Amino acid sequence: MTTEIEISLYVLVLAVPLGLELVRRVSPLLHTPLMSLTNAISAISVVGAILVSGAEGSPALSKTLGVIAVMFATINIVAGFLITDRMLKMFKKKEGSK
Amino acid sequence: MNDSFWQAAYIIGALCVVLSIKWLNSPVTARRGVLAGEFGMLLAVVGTLLRAEVVSYQWIFIAMVAGGAIGAPLAYLMPMTSVPQLTALSHAFGALAAALVGTAEFYNDVAEGNPTTGFKMVAIVIESLLGYLTATASVMAFGKLQEIVPTRPMTYKGQNVINLALFAIATVLGVWMVAAPAPVWVFPAFIGLSLLFGILLILPIGGGDMPTVIALLNSYAGAAAAAMGFVLENRLLIIAGSLNAASGFILSVIMCNAMNRSFANVLFGAFGQAQPASAALAQARPVKSATPEDAASILESARRVIVVPGYGMAVAQAQHKLRELADSLGKRGVQVDFAIHPVAGRMPGHMNVLLAEADIPYDRLFEMEDINQDFSECDVALVIGANDVVNPAARHDKTSPIYGMPILDVDKAHTVMVIKRSMNPGFAGIDNELYYLDKTLMLFGDAKAFTGEIVKELGAHK
């Protein structure tokens, strides 16, 4: 029988090589934006933070931690995406296109 | 709202995240990649908010507004030279968020009188360990980049033994909690150790090794998110987290290769301690120096100039003046290209961002492998704020700490010009024989001011 954990492990063993392949193809020119973009994506943990802080009947301690986590994750998301976009806007090909 | 909505949102969200990194492979599609990433994140957040388990919204919205209010100014007000700092800080927040969620999950189960053990606890332990240690390590990295904390490696006797012992204790505590419900003090002690370990990990690492370290911390933050996915049985987290972990890992491997050093050497080698002996040596040998006028006339009569920027350019904010110089030479028919060493700057790709900020088109920026053979045909190699990445000792001096590191072969150029503040050795404290070559002209001064002077001279020659 396939358990939940098994499915998760399958997802993991597929996602890691996919990530390695995708990132290998990114031009070194864009390594800094790549890092800030993946930085923003790592804040996907906001999902867990919302679940912990919004759930019914979770203890006050967990809720508090969850709310703080939502705030921190949001800082990470907002700062990460905005700085990435700000950087990418600057990459231009044509000369003199100011 | 039924379950199928958020499930669909998560699946599309996961696809967006994958596409987001795929589109980042070229500057042409990169901004679409950011958009895809943002859309994926939006789906993840909205999908989660609409799940039946989530019943109270008030505090979540307050926290999100507060987070946005802090995050947006951070992203807009930081100058481009500070992108490494911002990234480190942002890592710290994200990692701490993951760690706090792990902690909350743990205490949830405790409150239910059913402390977690077994596989779920393995995931919580990994999530918390990586989350907390990445948080403090990132704050330390931020401190070093901002130069609040001394950038030189800090070492003390038995440092590696102490670090290893701490790590061993943390592992024992972790295994204990997995095997059986442990006493109440164990989890807080585990958190404390993780936090401490993060600080100690960064202490012996020098400023110049920050590109590797930031990439590694990026990887840890992703791994923490993936571990959280196992705790919550949430595959979106696993996919996004492991993509991120893979990305950070590859970047740090690329950085290590670019320095011809192993992970272990970067993390525990305390590379770049002050070597006063070589500094004294540097004073003793004669060098040729030149004025902005000399530099201008040589550059003017060149056919091809290759510029090699380094961290010193970033510190001096010289990228805009450098573009003026490139424009001015370009108008005179001089071909100006830029050679970017993979570890130039304080994070992977740092130089590219700064030059792009100064409106230098990205098709003039070349990677090391693509431009190295061109140095022998170029008239002038202009080194601005770079040091170890152009040190020929890396090719032949087996006793040099940087022996074997791939370098930019500027010494093969017809003439080499080096803009540098003084003869003090760079971050690694290694003397650079490039400066004593017959064909090398030292241009002493602040990178920005000196480049400005050259531009002025060129203007006067019109």
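## Where the two chains meet

In this predicted model, 99 residues of chain B are in contact with 80 residues of chain A, two residues being in contact if their C-beta atoms, placed from the backbone, lie within 7 Å. The elements that give two or more residues to the side of chain B that touches chain A are the helices H1 (3-23), H2 (30-49), H3 (58-77), H4 (83-111), H8 (210-232) and H9 (235-258), together with H15 and S3 of chain B. Helices (H or I, at least four residues) and strands (E, at least two) are DSSP runs, numbered from the N terminus. H4(B) supplies the largest share of this side, 18 residues.

By class, the side of chain B that touches chain A has 60 nonpolar, 28 polar and eleven charged residues; here Ala, Val, Leu, Ile, Met, Phe, Trp, Tyr, Cys and Pro count as nonpolar, Asp, Glu, Lys and Arg as charged, and the others, Gly among them, as polar.

## How the model is read

Residues are numbered from 1 along each chain as its sequence is written, while chains are lettered from A and ligands numbered from 1 in the order in which they are written. Because the model is predicted, local features need pLDDT of at least 70 and side-chain atom pairs count only at pLDDT 80 or more, whereas totals for chains, interfaces and linings use all residues.

## Helix H2 of chain A and its two partners

Within chain A, the axes of helix H2 (residues 31-42) and helix H4 (residues 60-90) come within 8 Å and cross at roughly 155 degrees, where axes are lines fitted to C-alpha atoms, for helices over the stretch in contact, and angles run from 0 to 180 degrees between N-to-C directions. That angle makes H2(A) roughly antiparallel to H4(A), since angles under 35 degrees count as roughly parallel, over 145 as roughly antiparallel, 65 to 115 as roughly perpendicular and the rest as oblique. The residues making the contact include A:Thr32, A:Ser36 and A:Asn39 of H2(A) and A:Gly80 and A:Phe81 of H4(A), and by class the contact has eight nonpolar, six polar and no charged residues.

Six strands of chain B form an open sheet in the order S3-S2-S1-S4-S5-S6, with parallel pairing; two strands pair if DSSP finds at least two bridges between them. S3 and strand S6 (440-444) of chain B stand at the edges, each with a single partner strand, so one side of each is left without a neighbour in the sheet.

Strand S1 (residues 304-309) of chain B is joined by four bridges to the parallel strand S2 (residues 335-340) of chain B, and the bridge partner of B:Arg304 in S2(B) is B:Gln335. S2(B) in turn pairs in the parallel sense with strand S3 (residues 365-367) of chain B over three bridges, where B:Phe338 stands opposite B:Leu365 and B:Ala339 opposite B:Phe366.
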